[in-house]
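Have the structure open while you read.

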Amino acid sequence: MNNELWLAFGFLGQALFASRFCVQWLVSEREGRSVVPILFWYISILGGCALLTYAIWRRDPVFIIGQGFGLLVYVRNLVLIRRH
């Protein structure tokens with residue numbers, strides 16, 4: 001894949017990752033209270049995976065560690081939600 005496609009992939013991952021906040025905001029407005037819907041965590045995982053892939057391609061250790069740790073947190077939250 002050429003640089004322009006990787007850059008587009010990185011922007012797509014960032015847009016997906018950022019969209020999770022819009023989902024959280026809309027659900028909270030609908031509920032009239034602060035809510036973190038399950039969809040928030042799934043979008044976090046999808047966006048995080050895309051950004052981690054992009055970070056690996058860039059060989060950016062700071063970005064890789066940040067996204068890798070974030071993915072663990074998102075998955076762990078889904079595990080805790082399912083247990084409850």
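Phenylalanine 17 and tyrosine 74 are both buried in this predicted model. They also belong to the largest nonpolar core, a set of nine residues that also includes Phe40, Trp41, Ile45, Leu51, Leu52, Leu71 and Leu78. Helix 2 and helix 3 (61-83) each give two or more residues to this core, and helix 2 has the largest share, with five. As a general point, nonpolar side chains in soluble globular proteins tend to be buried together.

Leucine 78 from that core touches Ile38, Trp41, Tyr42 and Ile45, leaving aside residues up to four places away in sequence.

Now for the rings. The count comes to eight aromatic pairs, and two of them look like this:

| Pair | Centre distance | Plane angle | Type |
|---|---|---|---|
| tryptophan 6 and tryptophan 57 | 5.1 Å | 10 degrees | stacked |
| phenylalanine 17 and tyrosine 74 | 6.2 Å | 50 degrees | tilted |

Tryptophan 6 is buried, at 13% relative accessible area, while tryptophan 57 is partly exposed at 31%. The other pair links phenylalanine 17 in helix 1 with tyrosine 74 in helix 3, 57 residues apart. Ring pairs also tie Trp6, Phe9, Tyr54, Trp57 and Phe63 into a cluster.

What about the surface? Ile38, Leu39, Tyr42 and Ile81 form a nonpolar patch there, with about 330 Å² of accessible area together. Helix 2 (residues 38-58) supplies the largest share of the patch, three residues. Leucine 39, found in helix 2, is partly exposed, with a relative accessible area of 44%.

Methods. Residues are numbered from 1 along each chain as its sequence is written. This is a predicted model: local features need pLDDT of at least 70, side-chain atom pairs count only at pLDDT 80 or more; totals for chains, interfaces and linings use all residues. Side-chain values use heavy atoms; hydrogens and water are left out. Patches are made of residues with over 30% relative accessible area and no salt bridge: like charges are joined within 9 Å, nonpolar side chains (Val, Leu, Ile, Met, Phe, Trp, Tyr) within 5 Å. Accessible areas come from the Shrake-Rupley method with a 1.4 Å probe; for residues, only the protein chains shown count as cover. A salt bridge is a side-chain nitrogen of Lys or Arg within 4 Å of a carboxyl oxygen of Asp or Glu. Helices (H or I, at least four residues) and strands (E, at least two) are DSSP runs, numbered from the N terminus. Buried means under 20% relative accessible area, exposed over 50%, partly exposed in between (1.4 Å probe, protein chains only). A nonpolar core is a set of buried Ala, Val, Leu, Ile, Met, Phe, Trp, Tyr and Cys residues joined through side-chain atoms within 4.5 Å. Contact means heavy atoms within 4.5 Å. Rings of Phe, Tyr and Trp (its six-membered ring) pair if their centres lie within 6.5 Å; planes under 30 degrees apart count as stacked, over 60 as edge-to-face and the rest as tilted.
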